[in-house]
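I opened this notebook to keep track of ring contacts and strand pairing. The entries follow the order in which I looked things up.

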Amino acid sequence: MKKLFWIFSLAGLTPFALAAHETQETASAGTQTGPLLSVQSTLGDLLRHPALAGFALRMLPWDGGRYEPDMKWQDAASLMPYHSNIYPQEIVSSINRLIADAQNGQTVFYDFYTDAQKRREPAKKHTGLFFFRGKEGAPFAVVCPGGGFAYVGALHEGFPVAQKISESGFNAFVIKYRAGSGQWAVEDLAAALSYIEKHAAELGVAARGYSLWGGSAGARMAAAVGSYGTAVFGADEVSKPAAVIMAYTGQSSFTPQDPPTFIAVGDRDYIAPASVMARRAEGLRRAGVPVEFHEYKGLRHGFGLGTGTVAEGWVKQAVEFWKKFIKQEKKA
């Protein structure tokens with residue numbers, strides 16, 4: 001099997017040793033009880049929440065991280081050092097959406113690796129898909145949060161983005177992938193897409209017309225699958241995405257067969273400079289790939305929804321971009 005390797009981790013970063021107390025998840029399914037969270041709630045309130053039992057720990061950024069259970073959500077920005085413009089209320093709102101759905105009897109988390117696969121490769125126990133439902137039978141998005149392949153920032157640029165996508169009527173998954181390796185991460189995305197396609201009917205999503213979204217390291221994942229497909233990363237081949245949505249990444253490689261691509265970046269991003277993304281956009285255009293490029297003044301790396309900035313509303317713009325190519329795919 002051909003493999004494509006990336007080394008994206010930023011040197012010197014290690015998980016926060018937040019406490020000597022490490023909270024353990026239970027393996028049981030979520031129940032129909034438990035309060036919603038607020039910014040004054042704690043990490044412990046999430047980790048102990050009955051609606052999230054069995055997967056709550058996978059909502060947090062660091063694999064194997066040691067978390068202070070008394071830490072309040074208003075201090076969540078300290079968990080994600082590569083991100084900016086972090087609003088605790090957005091985090092809490094999106095988590096509460098999952099809690100409410102679970103309490104209404106909906107499944108909000110799916111393992112895309114089997115127990116046997118996780119026994120063979122224990123790091124795969126950190127993976128999974130969080131599901132924000134839209135309209136039954138509508139196309140889906142897979143949102144790949146960033147974090148330099150050191151952590152997975154789903155709290156900031158995964159769950160809130162997926163919530164916005166679902167509010168537009170589309171289905172949205174947020175992938176929790178293995179940290180520590182760009183290769184692992186893309187393999188996990190490929191496996192997750194294969195799982196969704198095989199189970200599209202029971203998930204209630206359209207198997208075709210989907211989009212891949214990513215921020216930073218997550219955008220590299222989305223771009224890699226958009227360029228090369230899933231089989232090269234060890235999964236069954238699936239249909240090509242209708243669109244790739246990339247936010248603030250240094251990924252420069254592409255192919256003339258890349259899907260239509262939406263690009264968003266801040267002009268003060270010193271991790272993934274806007275100039276790199278602008279060159280990618282121009283290269284894609286020359287290759288005949290439809291592109292929409294947005295450079296936002298004053299924004300740094302990892303701005304998430306861009307709330308309160310000139311980028312606010314970019315998710316809606318990206319959804320409209322995606323819609324155009326779903327329509328074209330249906331006509332083909």
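Entry 1. I looked up Phe 159 and found it buried, with a relative accessible area of 0%. Buried here means under 20% relative accessible area, exposed over 50% and partly exposed in between, with a 1.4 Å probe and protein chains only. The model is predicted: local features need pLDDT of at least 70, side-chain atom pairs count only at pLDDT 80 or more, and totals for chains, interfaces and linings use all residues. I note that residues are numbered from 1 along each chain as its sequence is written, and that side-chain values use heavy atoms, with hydrogens and water left out.

Entry 2. I listed the aromatic pairs and got 20 for the structure. Rings of Phe, Tyr and Trp (its six-membered ring) pair if their centres lie within 6.5 Å; planes under 30 degrees apart count as stacked, over 60 as edge-to-face and the rest as tilted. Phe 159 pairs with Phe 132 in a tilted arrangement, 6.1 Å centre to centre with 35° between the planes. This pair links distant parts of the chain, as Phe 132 is in strand β2 and Phe 159 in helix α5 (residues 159-167), 27 residues apart. Helices (H or I, at least four residues) and strands (E, at least two) are DSSP runs, numbered from the N terminus. Phe 132 is also buried, at 0% relative accessible area. Both rings belong to a cluster linked by ring pairs, made up of Phe 55, Phe 109, Phe 130, Phe 132 and Phe 159.

Entry 3. I then checked a second pair. Tyr 248 and Phe 303 are edge-to-face, at 4.9 Å centre to centre and 70° between the planes. Tyr 248 lies in the loop between β6 (243-247) and β7 (261-266), and Phe 303 in the loop between β8 (291-296) and α10 (314-331), so the pair ties together parts 55 residues apart in sequence. Tyr 248 is buried at 1% relative accessible area, and Phe 303 is buried at 1%.

Entry 4. I went back to β2. Five of the five residues of this strand (residues 128-132) are buried, so β2 is largely enclosed by the rest of the structure. Gly 128, Phe 130 and Phe 132 are buried on one side, Leu 129 and Phe 131 on the other.

Entry 5. Which strands pair with β2? Strand β1 (residues 109-110) runs antiparallel to β2 and is joined to it by two bridges; strands pair if DSSP finds at least two bridges between them. Tyr 110 has Leu 129 as its bridge partner in β2. Strand β4 (residues 171-176) pairs with β2 over five bridges, also antiparallel, and there Ala 172 stands opposite Phe 132.
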